[in-house]
Amino acid sequence: MDGLMEIKGKPAKLCEEPEDDLSLGRFAMAIFGGAGDLAQRKLLPALYLLYLKGRIGGDFTLVGLGHTQLTDETYRELAGHAVKEFLPGSFDEKKCAEFVSHLGYLSGDMGDAKLYAALSRKLAGCSAAGGAAPNIVLYLAVPPDVLETITVNLGQSGLCAGALAGKIIVEKPFGADRASAARLNALLRRSFSEDRIYRIDHYLGKDTVQNMLYFRFGNSIFEPLWNRRYIDHVQITVAEEIGIEHRGRFYEQAGVVRDIIQNHMMQLLALTAMEPPVGFDADRIRDEKVKVLRTVRPAPANGGPSAVFGQYGPGNVGGAPAKGYRQEDRVSPASDSPTFFCGKFFLDSWRWSGVPFYLRSGKRLPGRRTAIHVQFKAAPLQIFGGSCEALEPNALVFDIEPREKISLLLNVKQPGISRKLSSVDMELDYEDSFGARQHSPYERLLIDCVRGDLTLFAREDEVDTTWSIIDPLMKSWQDGPRPEFPNYAAGSPGPEEAALLMERDGRRWRDI
Ligand code: BG6
């Protein structure tokens with residue numbers, strides 16, 4: 001049984017990578033938007049976890065930048081609070097105080113050259129502090145409308161060349177459409193070569209998302225079934241119970257399609273549908289993702305019945321009243337920004353011809369669930385008599401959030417003398433098998449970036465291809481007849497048309 005895992009109960013035997021391979025050495029990072037929502041909720045806690053696990057140590061410097069007026073001291077306090085609030089289970093007062101002592105802050109306008117000069121001085125300071133030159137990472141954790149300003153200023157500042165030349169991480173959404181993404185790519189490419197540009201999508205840092213590749217290409221029994229002959233349809237859901245929280249300004253520009261569909265969901269679709277790569281290195285995997293994304297048929301000009309947009313109104317979530325989207329902070333009372341989308345997509349390839357991929361995502365739904373549901377065709381003949389008309393077809397379900405697990409839905413004989421079948425789940429739960437651990441997808445992605453591994457980051461042509469799918473969809477939404485918003489209550493499963501989209505095809509959405 002060496003190296004193998006038992007499906008249930010017993011802990012799995014893990015193949016540990018040696019610790020040394022995962023420590024980052026000398027490393028300096030600048031976070032633009034260092035006091036923003038993303039930095040506080042995700043980046044600072046992930047860096048703290050790396051510190052706690054000994055992946056980064058004394059040789060690390062972090063500079064936050066932003067328009068919020070903070071000193072080094074008040075930034076450290078803010079970071080300490082963020083770690084405590086968002087990682088309560090891992091908070092250790094002493095360790096956190098050590099961690100924040102590596103942090104500093106520069107406040108200023110993102111268009112002001114002085115801010116970049118001050119950053120250069122700080123980074124040059126840690127380069128000159130002796131030892132090997134640090135690995136420098138510039139992280140743009142800012143809204144899309146500021147990305148261009150920062151990129152232009154970085155180009156003019158000398159922060160992209162010479163001793164300070166580092167890597168750049170750019171948060172999603174990368175652009176607002178195909179043209180703006182191309183413009184941003186062109187700007188970045190003036191100062192950074194493609195191998196120094198890390199277009200981040202935190203979904204790719206999740207183990208269960210990566211596991212789609214390991215599961216498909218590490219086992220021989222599923223791949224022969226992974227095609228139009230055996231698969232009836234695939235449904236991918238990213239359902240959230242939370243609303244837009246304090247991100248009204250961002251969400252008004254982005255809406256659900258730019259926030260989730262263009263990036264997280266297209267990545268999930270690509271990993272589910274791609275061909276086996278010829279190797280496991282960054283470009284071989286990204287080649288296959290681009291290839292399969294190119295097969296996604298664009299939305300027809302009139303949108304038609306294959307796409308449903310929604311926006312939540314007031315309702316009830318988890319037993320408490322919840323306001324509608326239009327009542328949220330920094331949202332227009334007449335906003336037309338969609339907070340729900342579902343749609344049917346076809347992939348024009350030999351493998352997938354005729355197999356619908358249904359994508360669904362929304363805020364303020366009845367629960368939190370991210371899952372990929374691969375539904376196989378029903379058994380061709382029901383030979384067990386009348387007692388089992390409702391035989392469920394087999395399905396493989398990859399649950400990504402909030403619980404990480406894989407289940408195979410099977411039909412088995414019920415015990416006893418009857419001829420009844422029951423549908424049962426054969427389940428692999430990550431936590432049961434590998435143990436609970438406090439981790440963040442950003443840890444893995446930051447480690448990969450510092451070590452120069454681009455596998456889990458989007459390449460320029462990948463981003464361009466996803467926008468080529470999204471642009472016609474957004475155009476049909478802008479030009480077509482719009483539903484009256486709000487069209488679903490907070491806490492409900494979305495607009496009624498979403499259920500109809502499936503029912504018309506004789507299918508149904510899986511529970512959230
Ligand atoms: C982010 C979106 O990229 O992903 C958020 O901007 C969303 O709107 C979040 O809430 C969901 O991520 P996760 O990891 O909680 O599924």
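Colleague: Which order do the 8 strands of the open sheet have?

Modeller: First, the general idea. Strands of a sheet pair through backbone hydrogen bonds, either parallel or antiparallel. Here the order is 8-12-13-7-14-15-16-17, with mixed pairing. Two strands count as paired if DSSP finds at least two bridges between them. Strands (E, at least two residues) and helices (H or I, at least four) are DSSP runs, numbered from the N terminus. This is a predicted model: local features need pLDDT of at least 70, side-chain atom pairs count only at pLDDT 80 or more, and totals for chains, interfaces and linings use all residues. Residues are numbered from 1 along each chain as its sequence is written, and side-chain values use heavy atoms, without hydrogens and water.

Colleague: Which are the edge strands?

Modeller: Strand 8 (307-310) and strand 17 (421-429), each pairing on one side only. From one strand to the next, the twist averages 15 degrees.

Colleague: How many bridges join strand 8 to strand 12?

Modeller: There are 4, and the two strands run antiparallel. Strand 12 covers residues 340-345. Ala307 has Gly343 in strand 12 as its bridge partner.

Colleague: Which strands does helix 13 lie across?

Modeller: Helix 13 (residues 496-503) lies across strand 7 (231-239), strand 8, strand 12 and strand 13 (357-362). Helix 13 runs at about 165 degrees to strand 8. Axes are lines fitted to C-alpha atoms, for helices over the stretch in contact (heavy atoms within 4.5 Å). Angles run from 0 to 180 degrees between N-to-C directions.

Colleague: Now the rings. How many aromatic pairs are there?

Modeller: A pair of aromatic rings is described by the distance of the centres and the angle of the planes. Rings of Phe, Tyr and Trp (its six-membered ring) pair if their centres lie within 6.5 Å; planes under 30 degrees apart are stacked, over 60 edge-to-face, the rest tilted. The count comes to 21 aromatic pairs.

Colleague: Why is the pair of Tyr51 and Phe99 tilted?

Modeller: Their centres are 5.9 Å apart and their planes stand at 55 degrees, so the pair is tilted. Tyr51 lies in helix 1 (residues 37-52) and Phe99 in helix 3 (residues 93-100), so the pair ties together parts 48 residues apart in sequence.

Colleague: Is Phe99 buried or exposed?

Modeller: Buried, with a relative accessible area of 0%. Buried means under 20%, exposed over 50%, partly exposed in between (1.4 Å probe, protein chains only). Tyr51 is buried too, at 11%.
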